[in-house]
Each structure stands twice: as structure tokens, then as C-alpha cells.
Amino acid sequence: MPAEVFIGLDIGTSGARAVAMSDDGTPLGSARSEMSDHGPDHRDPKVWLGAAKAALTELCVSMDRTRVRAICVDGTSGTMLPIDAEGRPLASGRMYNDPCKDPLLLERIAAHAPTTSAAHGATSGLAKVLMLQDTPGATKILHQADWIAGHLCGVYASDDNNALKTGYDSIHACWPDWIVETGARIGLLPEVHRPGTPLGPLRADVAAEFDLPRETQVLSGTTDGCAAFLATGAAQPGDGVTSLGTTLVLKLLSDRPIFAPESGIYSHHIMGLWLAGGASNTGGGVLLQHFSAAEIERLSTHMTPNAPLGLGYYPLRQPGERFPIADPHLPVRMTPRPAQDVNFLQAMLEGIADVEELGYRKLHDLGGPPLRSVRTVGGGAKNAAWTRIRKRVLAVPMPASQNGEAACGAAVLARFGMHQ
């Protein structure tokens with residue numbers, strides 16, 4: 001019997017990417033289409049759909065389409081749009097980083113949402129619901145991934161990863177009663193499923209357009225961040241993924257949810273586990289305040305990563321931290337400054353590694369499992385000296401990430417969903 005194929009479709013901020021994966025996890029092909037090729041406005045849902053279709057078309061040309069069993073879509077968390085009864089968008093999408101500027105709406109959320117809810121904040125999904133719900137003709141307000149998946153199969157539902165910042169209670173699997181108290185019309189909110197739940201087969205016209213089997217299932221999706229985590233190969237409680245970018249972002253798979261709103265920690269339910277995470281203000285941005293990327297690369301080759309300087313730095317660009325220490329006034333600690341630049345850089349890398357270790361320890365202290373492995377994504381993953389410092393500090397295996405593409409994670413979720 002031919003091996004089954006699973007497709008992940010990632011709708012990002014600048015483009016759409018489609019990835020095909022075999023049942024054993026082997027990548028079979030990928031394709032990408034830029035948003036700018038389909039229109040000038042990245043908020044236009046028709047531009048999202050155009051990019052998604054172009055990526056899927058290119059992918060399908062290069063593979064045996066008869067083997068495709070399922071498609072799963074991920075999108076940018078918190079991007080939303082209103083639709084009519086036929087699934088047609090009624091306005092431009094409100095993007096994940098578009099803030100609500102009406103203080104009265106935000107006050108209503110703050111007054112009624114529990115402190116553990118991820119619906120707080122000017123860019124939350126619930127804030128966008130309050131902004132969009134008076135759109136004439138609106139029958140439903142969807143997340144970006146919901147709408148793309150709905151176009152494929154005709155079922156406009158959501159998943160509890162995308163719905164989390166809209167106020168969904170992923171522990172009790174429901175829209176909570178307090179949402180009504182904010183003034184949100186709960187009847188406009190979509191039905192929510194666990195990520196990777198089959199929604200239905202492809203619409204007949206969609207199957208014909210891509211020459212895919214009519215019985216190909218479309219599954220409820222996830223956010224781009226959760227999909228990127230799944231793409232790394234992390235799959236067991238205690239598996240962590242560190243993103244070494246401008247800031248330091250930690251994510252940990254747990255067998256129980258972890259919530260610490262004062263530190264910005266909440267949990268996504270995915271593949272039968274919980275994905276908790278936190279973001280520190282330290283990271284590569286601090287390094288670039290003092291050295292260029294070329295200088296960091298050059299100096300790193302002259303370090304002694306296994307001979308710690310032990311200066312106890314807490315590198316920050318400015319005072320204030322959110323995780324693992326929730327203190328808006330936490331002072332920058334980067335003294336004494338060694339005379340040699342190579343030692344100053346090493347002390348900063350050691351400090352960031354210490355914050356990383358403290359962050360995973362914090363997640364464990366809040367009820368998560370002990371750290372068992374760490375995979376790394378982001379630009380800092382390429383720095384060999386930093387990796388050696390982190391291995392020494394974290395003292396756990398650090399396997400290479402299988403893939404950094406969110407579309408691969410969506411394909412992993414499609415495979416998981418069809419095997420349940």
C-alpha cells in the first residue's frame with residue numbers, strides 16, 4: 001500500500017508555505033508564495049488565500065497527489081476577520097500585532113477576564129472581536145487559520161490554540177461565561193476543536209482545483225508558534241525549545257498546564273500535552289548593542305566556552321524583565337566589564353545561558369516536568385561557542401532541530417490527527 005502523505009500549510013506574515021510529509025516524517029517537498037505577489041495589502045484575506053493556493057498548487061505539481069490524506073493549516077496567532085454566512089470576508093483582517101486603541105474595550109476585558117486568561121492586552125483576539133463584531137452582515141468572527149481551512153472544506157471552526165487569546169478556556173474546553181460580560185457576542189465565536197481534529201473532506205471544487213483526492217481531510221489547525229515548535233521534533237514532556245533571537249523565548253512540553261500571568265506564561269493544549277512558554281527581555285538584541293554580527297562571529301572563535309568566567313551577568317538592553325523574573329525594574333547587570341572584548345562577549349553569553357536555565361527551572365517550579373532536552377531555533381543556534389556554553393549550563397541533551405518551518409509542524413499535526 002503506498003505511504004500516506006500529509007500536508008502542512010503555514011500562513012505567515014509575508015507569505016504562505018506548503019510542506020508535504022510522509023507517514024514516517026520524511027519531507028517530500030515544499031513550496032512558498034509571497035503575499036506581495038497577490039496584492040499590496042497583507043491584511044486582505046484574498047491575499048492570504050491567493051498565497052496559500054499558489055503554494056499548494058506548486059507543491060502538488062511535484063508530488064503524487066493520490067497519496068494525500070490530510071491537510072492542516074496554521075496561521076499567525078491573534079489575526080482575525082469577520083465573515084458572512086457564506087464564509088465571505090467582510091473586512092480586512094486585524095493582524096496579530098494590530099492593537100485595540102479603544103481603552104473602554106480593554107477596560108471591559110480587564111474587568112471580567114480572569115488573571116490566568118490570555119485574552120488580556122491590546123492585541124488579544126478578544127479585543128479584536130469587540131472591534132469587529134459590529135461589522136454589518138457578520139455571522140462569525142474567525143482566526144486566520146480558521147478561515148483558510150474553512151475555505152478548503154466548508155467548515156468554519158477553530159482550534160483551542162488560536163482561540164486561547166480570544167478567551168477560550170482550553171482546560172474545560174469551552175467559551176467561558178465571562179466573555180459575555182465583556183460585551184462580546186458569544187454567538188459570533190466559532191466552534192472550537194482540539195488541534196488536529198478532522199473537520200471534513202475537501203470541498204469538491206477545491207479537490208478538483210488541486211487534483212487532490214476528494215476524501216482528503218482538513219483538520220483543525222494551530223498557531224504559527226505552536227507549529228514551529230512541533231517542527232523541531234520535540235514531542236515528549238520535558239522537551240524544550242529555545243529561540244535565540246532578539247529576545248530569549250523558551251517553550252516546554254508538559255503533561256499539565258502551566259499558568260503564571262505575572263510572567264506572561266500560559267499553556268496551549270496540543271497533541272495530548274500542554275505547551276507552556278515564557279519570553280525574557282535578554283537575548284541577541286543585547287549583544288548587538290555592543291557588537292556587530294561580524295564581531296560576534298569573530299570573537300566567538302576565540303572564546304574558551306568550557307572555562308566559565310563566572311561574572312554573573314543578567315544582560316538586558318534596559319532595566320525591566322518579564323520572565324523568568326517578573327520585575328519591571330530589574331536592573332541591568334553587566335559589570336565588571338573585562339578589559340578584553342572576547343571576555344566581555346563570553347560573559348554576556350554565559351549570562352543569557354544562566355537566564356535560560358533559570359527560565360526552564362521556573363517552568364518546572366510552576367508544575368512543569370524536569371527539563372529532559374533542548375532544541376534550538378533562531379540565529380543564535382549557529383554560534384558554536386554559545387552552544388557549548390549552553391550545554392554546560394543546561395546539562396541536558398541538545399539534539400538538532402529537525403526543521404524550523406511552521407508548515408512542517410502543521411504537517412506533523414495533520415499526521416497526528418489522522419492517527420488518533
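## Ground rules

Axes here are lines fitted to C-alpha atoms, for helices over the stretch in contact, and angles run from 0 to 180 degrees between N-to-C directions. Helices (H or I, at least four residues) and strands (E, at least two) are DSSP runs, numbered from the N terminus.

This is a predicted model, where local features need pLDDT of at least 70, side-chain atom pairs count only at pLDDT 80 or more, and totals for chains, interfaces and linings use all residues. Residues are numbered from 1 along each chain as its sequence is written, and side-chain values use heavy atoms, with hydrogens and water left out.

## The sheet

Let's start with the strands. Six of them make an open sheet with mixed pairing, in the order β3-β2-β1-β4-β10-β9 (two strands pair if DSSP finds at least two bridges between them). The edges are β3 (27-34) and β9, each pairing on one side only. From one strand to the next, the twist averages 20°.

β1 (residues 5-11) runs parallel to β4 over seven bridges, with L9 opposite V73 in β4. β4 (residues 68-75) also pairs in the parallel sense with β10, over five bridges, and here D74 sits opposite T222 in β10. β9 (residues 198-201) pairs with β10 the antiparallel way, over three bridges; G200 stands opposite V218 in β10.

As for β10 (residues 217-223), seven of its seven residues are buried (under 20% relative accessible area, with a 1.4 Å probe and protein chains only), so the strand is largely enclosed by the rest of the structure.

## α1 and α4

α1 (residues 45-61) lies across β1, β2 (15-22) and β3, at about 145° to β3. It also packs on α4 (residues 144-153) at about 60°, with the axes 11 Å apart. That makes the two helices oblique to each other (the class left over once angles under 35 degrees count as roughly parallel, over 145 as roughly antiparallel and 65 to 115 as roughly perpendicular).

In contact terms (heavy atoms within 4.5 Å), P45, W48, L49, A52 and K53 of α1 meet Q144, W147, I148 and H151 of α4. That set splits into six nonpolar, two polar and one charged (Ala, Val, Leu, Ile, Met, Phe, Trp, Tyr, Cys and Pro count as nonpolar, Asp, Glu, Lys and Arg as charged, and the others, Gly among them, as polar).

## α7 and α12

α7 (residues 224-231) lies across β1, β4 and β10, at about 100° to β10. Its axis comes within 6 Å of that of α12 (residues 406-418), crossing at roughly 80°, so α7 and α12 are roughly perpendicular.

Notes
Buried < 20%, exposed > 50% of the residue type's maximum accessible area, 1.4 Å probe, protein only.
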